[in-house]
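Subject: Structure handover

Hello,

Here is the structure for you to look through. My notes on what was found follow below it.

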Amino acid sequence: MRFALEKRPAPSRLMLGLTPLFAVIATMLAGGVMFWALGANPVEAIRTIFLDPLFDPTFGAYSRPQLLVKAAPLILIAIGLSLGFKAGIWNIGAEGQYIIGAVVGAAVGLAFYPTESRLIFPAMVIAGALGGWAWAMIPAILKTRLGTNEILVSLMLVYVAENILASVASGVLKNPEGRGFPGSRNFARDYPAASNLELLPGTGMHWGVVAAFIAVIAAYVLMTRHKMGFSIRLTGEAPRAARFAGVNPTRLVVFSLGMAGALAGMAGLFEVTGPAGQISIDFGSGYGFTAIIVAFLGRLHPVGILLAGLLMALTYIGGELAQLMLGMPAAAIQLFQGMLLFFLLAMDVFANYRIRIKTREAA
Amino acid sequence: MDLGQINPVLLAASLMVAATPILLAAIGEMVVEKAGVLNLGVEGMMITGAVVGFAVAVNSGSPAAGFVAAALAGAGLALLFGLITQVLKSNQVATGLGLTLFGLGLSSLIGKPYEGIKAPSLGKLDIPLLSDIPVLGPVLFRHDPMVYLSLLIVLGVWAGLKYTRAGLVLRAVGENHTAAHALGYKVIRVRLAAILFGGASAGMGGAYLSLVRVPTWVEGMTAGAGWIALAIVVFASWRAGRILLGAYLFGGVSVLQLNLQAAGVAIPVEYLSMSPYLVTILVLVIISLRGNHGAPGSLGRVFHASS
Amino acid sequence: MTDALLTLEGLTKAYPGVVANDDVSFQIKPGEVHALLGENGAGKSTLVKTIYGLVKPDAGRMLLNGTPFAPANPRAARAAGVAMVFQHFSLFDALSVAENVALGMDDPPGQRQLGARIREVSEAYGLPLDPDRTVGDLSAGERQRVEIVRCLLQNPKLLIMDEPTSVLTPQEVQILFTTLRKLAAEGTSILYISHKLEEIRNLCEDATVLRLGRVVATCDPREKTARDLAEMMVGSVLHQPEREGGESGEVLLEVTGLSLPAPSDFGTPLREIGFTLRAGEVLGIGGVAGNGQDELLAALSGERPAPPGMISLRGRDVGRLRPTARRALGLLAAPEERLGHAAAPEMSLTENALLTGDVRERLSTRGFIHWGKARDFATRVIERFDVRTPGAETAAGALSGGNLQKFVIGREILQKPDVFVVNQPTWGVDASAAAAIRQALLDLAETGAGVVVISQDLDELMDIADHFTALNEGRLAPIRPARGLTIEEVGLMMGGAHDMDVADENAIAEVQA
């Protein structure tokens with residue numbers, strides 16, 4: 001007896017919806033084994049990560065708002081990435097676009113310091129989006145003009161962006177009143193007109209969260225109702241058919257990379273003016289990479305990404321809690337997230353193939 | 001600033017050391033891609049190799065055991081990738097990315113207790129007589145055994161692909177998996193073997209970083225070396241000889257920028273340290289101007305036997 | 001009964017939803033050329049894959065020289081003396097001829113020795129080959145030689161040929177037949193799979209006819225007419241299209257000096273292509289596969305824009321326009337490959353209707369899609385062209401080849417094109433669907449549209465075209481009226497002389513002597 005795979009004519013919608021759930025369950029089981037190997041009680045560890053941030057009487061009040069704070073950048077970036085991924089355009093340099101967006105947006109804000117005007121923050125948001133967009137245009141233009149592989153270029157630009165960040169944090173954007181320490185002025189503390197504060201106290205809701213929700217809705221409309229969304233899906237599923245249909249591949253690459261860059265740049269700006277507070281050498285926190293997992297876990301679907309972003313934010317907060325409560329290493333949670341992606345990809349087989357059990361097979 | 005501090009002989013000698021991790025990873029990935037599989041998890045396999053190699057070398061006191069363990073660790077991660085992409089037919093790009101993220105997490109988890117320790121020395125393999133030749137001696141013949149092993153691997157891959165039946169079958173599988181299947185070759189088995197080899201090579205490349213080049217364990221120490229290795233495969237047009245050239249070119253750039261930093265050149269450190277990445281982009285651009293010739297026909301495509 | 005080389009007894013193989021082979025039994029005698037005849041989908045491919053060890057039968061058995069034969073894989077089949085030349089070549093473009101041959105052998109000699117043997121065998125059978133050339137650079141005929149030589153080097157007892165002539169010019173077919181007769185005379189049995197009736201009557205001594213997976217007849221094809229064979233194969237009388245022979249209306253499409261470089265390493269460049277298409281005309285473009293058919297379609301559809309002054313529609317230069325703009329002006333196209341090119345397999349028929357129907361059927365405004373209208377359009381195509389499907393929400397990939405082809409052609413025809421360009425309209429389509437498609441093309445021309453049919457099926461072109469030309473290495477032969485063309489003339493237009501250098505002719509003379 002052996003198993004055989006049989007390709008489905010079209011992916012099963014039921015399975016596309018169910019496999020992320022299966023993947024989460026499988027990850028919890030495998031993660032439990034890992035935690036047990038690390039010397040923790042697996043049930044307690046899973047509870048600390050998935051339930052305590054929401055329901056623990058002591059920590060809940062602090063960690064519930066954190067959920068939105070952490071989810072917002074993940075969702076914003078993942079929505080942008082999903083557009084390209086759907087079309088087979090692999091921008092994996094969102095981390096770089098996120099950093100450059102933050103740097104450019106912060107630079108615009110700092111240029112006006114200490115002017116107080118209601119226009120400063122919107123100007124910074126636009127500058128952040130433009131910064132991320134411009135950074136993403138480098139692989140876009142190289143790909144469309146010269147056919148250079150966007151995977152490698154966008155990734156290399158992450159390292160370049162990190163070096164630029166290090167340079168400006170201790171150079172042009174350094175806080176002149178910072179007694180020589182690297183890092184810019186703190187927006188949240190020192191510059192109200194340029195800060196991204198909580199909109200409703202105790203909810204974690206800031207402008208980035210608002211932007212993430214808008215992005216989810218806009219992406220949903222784009223993908224289901226608009227020709228551009230149709231072109232993106234068509235290009236991903238059948239590139240030759242897309243060319244035959246008249247989809248302009250150059251426009252598609254520029255659009256999807258540009259959107260991803262702009263959204264990542266905005267996410268960076270919301271982060272630097274709010275939760276992070278300032279430009280510092282360690283500003284890049286890996287959201288750009290985790291967002292890749294979020295995009296896939298959400299099945300590249302806007303609503304899926306919304307849920308996946310919240311789940312991933314939960315593992316971040318739960319991971320911190322587990323560090324605090326159980327002495328779990330920080331890296332364990334990163335590994336946990338990687339596992340989640342693996343299980344999901346492995347389970348895709350159920351969506352794309354039927355599994356048949358063959359009883360008589362010689363070879 | 002004092003450029004006179006830079007000793008050209010030492011520079012050339014350290015170039016080979018700097019190039020070896022990338023060379024190992026790139027030659028392994030080339031074999032994988034020749035079999036028609038794109039594994040973007042090189043970075044993850046390298047860093048896992050780096051930490052496992054380091055841990056085993058520290059605990060056993062034997063760097064050789066470290067390299068073996070690193071090869072096994074890289075191959076183990078590669079096996080995971082192989083099973084998911086080949087047996088469960090997942091998307092290779094996404095799975096490779098996942099492997100990198102997974103490897104980065106795994107390595108920092110394993111590596112925590114080993115931070116700040118120095119690795120046991122691998123020792124040099126001074127080749128008698130040859131190493132006494134002025135200039136050439138120190139540049140070429142006073143290295144550790146891994147440098148020579150990496151060159152042997154490149155030579156072996158070149159000859160194996162060109163002259164052996166196994167090499168021919170591997171190229172055939174990468175070129176047209178449907179035809180290879182029709183002729184009765186085991187596409188998935190050949191690919192899994194190639195993927196394992198790629199993983200072992202990347203693991204050893206990572207261990208070379210943590211055991212020889214640095215030599216200590218630092219979280220995230222590969223810093224994109226795996227990605228540069230992927231770029232070198234494209235640069236080399238999937239040819240073993242050019243992989244050597246590419247790896248040594250990048251070794252040269254990174255050694256040069258380190259030396260310039262040390263010599264206190266008036267360029268800010270950050271701009272020097274981003275130079276290898278900029279050079280990689282530049283090289284990719286130049287290659288794409290020439291057109292992507294030589295890519296295996298079935299590269300990155302999912303194989304599913306329909307009958 | 002023991003004098004048979006290969007005996008098949010009750011072979012049955014079922015796939016989900018279809019029985020590919022149902023209780024198939026017949027015999028192949030030593031030294032005979034045995035035809036396996038049937039429509040696309042009759043189960044021929046499954047049957048030969050079973051003999052070649054690629055498919056395990058669910059029931060039944062095979063005997064080779066009287067002993068049970070159940071090859072576990074192609075290697076075992078080859079070891080037993082069964083060799084196969086595939087319909088879609090199992091060749092590796094980037095590898096050399098010698099490497100390709102070596103891959104098909106279980107125990108190849110060293111490279112130099114192998115090269116010498118390739119030269120020796122290929123020349124002995126009139127199929128000259130240079131072992132060091134890269135296969136991707138060879139013509140279709142030469143590529144087939146590589147496959148045949150690969151088989152011959154193993155001295156097979158049974159040689160299976162799957163649709164070998166679909167990629168050959170008439171002259172190349174003659175060379176192949178000479179080779180096959182010589183092989184049979186030397187005692188090698190040949191199982192010859194085809195749906196080309198004249199060829200089979202010409203070459204084979206025995207024939208087994210398959211229909212829907214079952215053996216419906218066994219006969220000596222030389223004693224039957226082509227019509228008899230066709231009716232055995234199809235099981236009903238064919239509907240022949242009625243050709244009205246549309247006469248010259250106004251000029252719709254004018255192509256002059258169309259030249260484009262090859263799109264890829266192994267593609268074909270277009271060279272100085274020129275023709276005029278008038279209203280009501282059906283222009284048939286023949287030619288062997290890989291001589292620029294895909295490239296010509298891409299240039300006309302707008303997938304690959306052409307320099308100015310080369311393509312004009314009703315006097316307007318459209319060379320630089322993209323597919324959408326050309327569609328708006330009335331120039332529509334349907335490429336050869338249904339899945340992945342003409343249609344997206346994982347998308348629904350509604351979405352596939354939108355794929356080309358957007359502009360002319362006004363399925364969107366300012367970029368926003370009217371899904372209702374798209375569904376109505378898809379439903380109209382399904383109803384008018386008798387596409388058998390549960391509904392417009394079915395994925396294109398779930399349709400059978402014939403039904404999807406009807407959908408693809410219908411989608412364009414319902415948009416009322418002024419000019420319609422189609423590549424291989426009935427490739428891999430069952431006979432009744434093929435007849436319906438041909439009739440639809442003729443009806444379209446009847447309404448005053450110009451139709452360009454690119455096809456490798458000469459019978460089809462002779463049936464529906466009023467003017468004929470052929471592609472050969474990206475060049476177009478001078479256009480001739482289809483009526484009254486002889487097969488020799490057609491062969492020359494397709495480049496029959498090409499590939500037939502002196503060596504070939506000598507070899508033929510030698511073989512025939």
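Over how many bridges do strand 14 (residues 311–313) of chain C and strand 15 of chain C pair, and in which sense? They pair over 2 bridges, in the antiparallel sense. Before the rest, some conventions.

This is a predicted model, in which local features need pLDDT of at least 70 and side-chain atom pairs count only at pLDDT 80 or more, while totals for chains, interfaces and linings use all residues. Residues are numbered from 1 along each chain as its sequence is written, and chains are lettered from A and ligands numbered from 1 in the order in which they are written.

Sheets of chain C

Helices (H or I, at least four residues) and strands (E, at least two) are DSSP runs, numbered from the N terminus. Two strands pair if DSSP finds at least two bridges between them.

The pair in the opening question belongs to an open sheet of 4 strands in the order 12-11-14-15 (chain C), with antiparallel pairing. Strand 12 (270–278) and strand 15 (316–317) of chain C are at the edges with a single partner strand each, so one side of each has no neighbour in the sheet. Within the pairing of strands 14 and 15 of chain C, Ser312(C) stands opposite Asp317(C) of strand 15. Helix 9 (residues 293–301) of chain C lies across strand 11 (251–260), strand 12 and strand 14 of chain C, and runs at about 60° to strand 12 of chain C. For such angles, axes are lines fitted to C-alpha atoms, for helices over the stretch in contact, and the angles run from 0 to 180 degrees between N-to-C directions.

Another open sheet of 4 strands in chain C has the order 2-1-4-5, again with antiparallel pairing. Its edge strands are strand 2 (18–28) and strand 5 (67–68) of chain C, each of which pairs on one side only. Strand 1 of chain C pairs with strand 2 of chain C over 7 bridges in the antiparallel sense. Strand 1 (residues 6–15) of chain C also pairs with strand 4 (residues 59–64) of chain C, antiparallel over 5 bridges. Thr7(C) stands opposite Gln27(C) in strand 2 of chain C and opposite Leu63(C) in strand 4 of chain C. Glu9(C) has Arg61(C) as its bridge partner in strand 4 of chain C.

A helix pair in chain C

The axes of helix 11 (residues 349–357) of chain C and helix 12 (residues 371–384) of chain C come within 8 Å and cross at roughly 95°. That makes helix 11 of chain C roughly perpendicular to helix 12 of chain C (angles of 65 to 115 degrees count as roughly perpendicular). Helix 11 of chain C contributes Leu349(C), Thr350(C), Ala353(C), Leu354(C) and Gly357(C) to the contact. On the side of helix 12 of chain C, the residues include Trp371(C), Phe377(C) and Ile382(C). Two residues are in contact if their C-beta atoms, placed from the backbone, lie within 7 Å. By class, this contact has 9 nonpolar, 2 polar and 1 charged residues. Here Ala, Val, Leu, Ile, Met, Phe, Trp, Tyr, Cys and Pro count as nonpolar, Asp, Glu, Lys and Arg as charged, and the others, Gly among them, as polar.

Chains A and B

Chain A has 15 helices and 2 strands, and chain B has 13 helices and 2 strands. The radius of gyration of chain B is 19 Å, close to the 19 Å that the globule rule gives for 307 residues, so chain B is as compact as a globular protein of that length. The radius is taken over C-alpha atoms, and the rule is 2.2 Å times the number of residues to the power 0.38. For the 363 residues of chain A, a compact globule would have a radius of gyration near 21 Å, and the 22 Å of chain A agrees.

Of the residues of chain A, 57% count as buried; in chain B buried residues make up 56%. A residue is buried if 20 or more other C-beta atoms lie within 10 Å of its own, exposed if 12 or fewer, and partly exposed in between, with C-beta atoms placed from the backbone. Leu119(A), in the loop between helix 5 (94–112) and helix 6 of chain A, is exposed, with 10 other C-beta atoms within 10 Å.

Between the two chains, 39 residues of chain A are in contact with 38 residues of chain B. The largest share of the chain A side, 13 residues, comes from helix 15 of chain A. The residues of that side divide into 29 nonpolar, 8 polar and 2 charged.

Regards

Notes
Parallel < 35°, antiparallel > 145°, perpendicular 65-115°, else oblique.
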